[in-house]
Amino acid sequence: MLFLGTFTPKVDDKGRVFLPAKFRDRLAEGVVVTRGQEKCLIVWPSDVFAQEAERVAARPMTSKSARRYQRLLFSGGDESTPDKQGRVGIPAHLREYAGLDRDVVVIGVRDRLEIWNPDRWRDFQEEAM
């Protein structure tokens, strides 16, 4: 399944985000939420995250950039399973990193989702275009 589209769910009072309904079956087995580039969050299906972890582990430990990426990827990660309503909890440290409050933008990016602060997403789009 390809993750495509842009969605605007809310973060609830418990720090949970409703994942888009069309993706819930694909994510039902579990997700890993990590820090992404440009101060967004990445929501990986657990099996895709496992593939990324293997790819990262294959890079030599003698590479400073490989060690840095591993540290950032794994230290900020949070593994969970969406609840029956399709909500996934976002830990406070990740919400703070991404500047998430009530409103968020969730975008599909091929094999993963990204969660953005709406202002950062708008700025990113303007700069990228």
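Start with Phe 124: at 33% relative accessibility it counts as partly exposed, where buried means under 20% relative accessible area, exposed over 50%, and partly exposed in between, with a 1.4 Å probe and protein chains only. This is a predicted model, so local features need pLDDT of at least 70 and side-chain atom pairs count only at pLDDT 80 or more, while totals for chains, interfaces and linings use all residues. Residues are numbered from 1 along each chain as its sequence is written, and side-chain values use heavy atoms, with hydrogens and water left out.

Rings of Phe, Tyr and Trp (its six-membered ring) pair if their centres lie within 6.5 Å; planes under 30 degrees apart are stacked, over 60 edge-to-face, and the rest tilted. Both residues sit in helix α5, residues 118-128, three residues apart, so about one helical turn separates them. Helices here are DSSP runs of H or I with at least four residues, strands are runs of E with at least two, and both are numbered from the N terminus.

How many aromatic pairs does this rule give? The count is seven. In one of them, Phe 49 and Phe 74 have ring centres 5.9 Å apart and planes at 85°, so that pair is edge-to-face. Phe 49 belongs to helix α2 and Phe 74 to helix α3, so the pair ties together parts 25 residues apart in sequence.
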